[in-house]
Amino acid sequence: MANQLLHTMIRVFDMDKSIDFYTRHLGMKLLRRKDYPSGEFTLAFVGYGDEIDHTVIELTHNWGQKTPYDKGNAFGHLAVGVGDIYGTCEQLAKEGVSIPRPPGPMKHGGSVIAFIEDPDGYKIELIQK
């Protein structure tokens, strides 16, 4: 069996808000969600396909977290390929999604990209496919 990237884990402040963002705005499916009472945390996995053959995002909510997480400066962004970046961003803007970098060509040539932010402020690069 070949090696496979399974998931990327990010900590989220409000699980329901995050699940809504990734499923409703980005079209992912909630694959599974489980509470761990003894550890006081909840895990939810979202993605575009089954975990057997797709890389997914693990959303981790620690029940005792009283303030939003500090992202630091090491994490960059997640990337999602979209068919119509301009239409996607127009719809996301109508829904109130933060778009700190509107769609357009990269500064130094190449792909048409945009950056949006999830409810926790994680950056997601949209790339025109």
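Ala, Val, Leu, Ile, Met, Phe, Trp, Tyr, Cys and Pro count as nonpolar, while Asp, Glu, Lys and Arg count as charged. The remaining residues, Gly among them, count as polar. On this basis, the lining of the largest pocket holds twelve nonpolar residues, five polar and no charged. The model described here is predicted.

Strand 3, strand 4 and strand 5 each contribute at least two lining residues. Strand 5 gives the most, with four.

Nonpolar side chains in soluble globular proteins tend to be buried together. In this model, the largest nonpolar core has 24 residues. Tyr-22, Ile-57, Leu-59, Ile-116, Ile-124 and Leu-126 touch the most other members. At least two core residues come from each of helix 1, strand 3 (41–47), strand 4 (56–62), strand 5 (78–82), helix 2 (85–94), strand 7 (112–117) and strand 8 (123–128). The largest share, four residues, is supplied by helix 1.

Helix 1 spans residues 15–25. Its buried residues are Met-15, Ser-18, Ile-19, Phe-21, Tyr-22 and His-25. At the start of the helix, a side-chain oxygen of Asp-14 comes to within 3.2 Å of the backbone nitrogen of Asp-16. Gly-27 follows helix 1 and has a positive phi, near 75°. Gly-27 is also one of the residues touched by Tyr-22.

Thr-42 belongs to strand 3. Buried means under 20% relative accessible area. Thr-42 therefore counts as buried, at 3% relative accessibility. The side chain of Thr-42 makes a polar contact with the side chain of Asp-35, at 2.6 Å. With neighbours within four places in sequence left aside, Thr-42 is in contact with Met-15, Arg-33, Lys-34, Asp-35, Leu-59, Thr-60, His-61 and Trp-63. One of these, Met-15, is among the buried residues of helix 1.

Pro-68 sits in the loop between strand 4 and strand 5. Exposed means over 50% relative accessible area. Pro-68 has 57%, and so is exposed. Along the chain, Pro-68 and Met-106 are 38 residues apart. Their C-alpha atoms are separated by 31 Å.

Methods. Residues numbered from 1 in each chain as written. Predicted model: local features only at pLDDT ≥ 70, side-chain atom pairs only at ≥ 80, totals over all residues. Heavy atoms only, no water. Buried < 20%, exposed > 50% of the residue type's maximum accessible area, 1.4 Å probe, protein only. Polar contact = N/O pair within 3.5 Å; in protein donor to acceptor, adjacent residues only side chain to side chain. Core = buried A, V, L, I, M, F, W, Y, C linked by side-chain atoms within 4.5 Å. Contact = heavy atoms within 4.5 Å.
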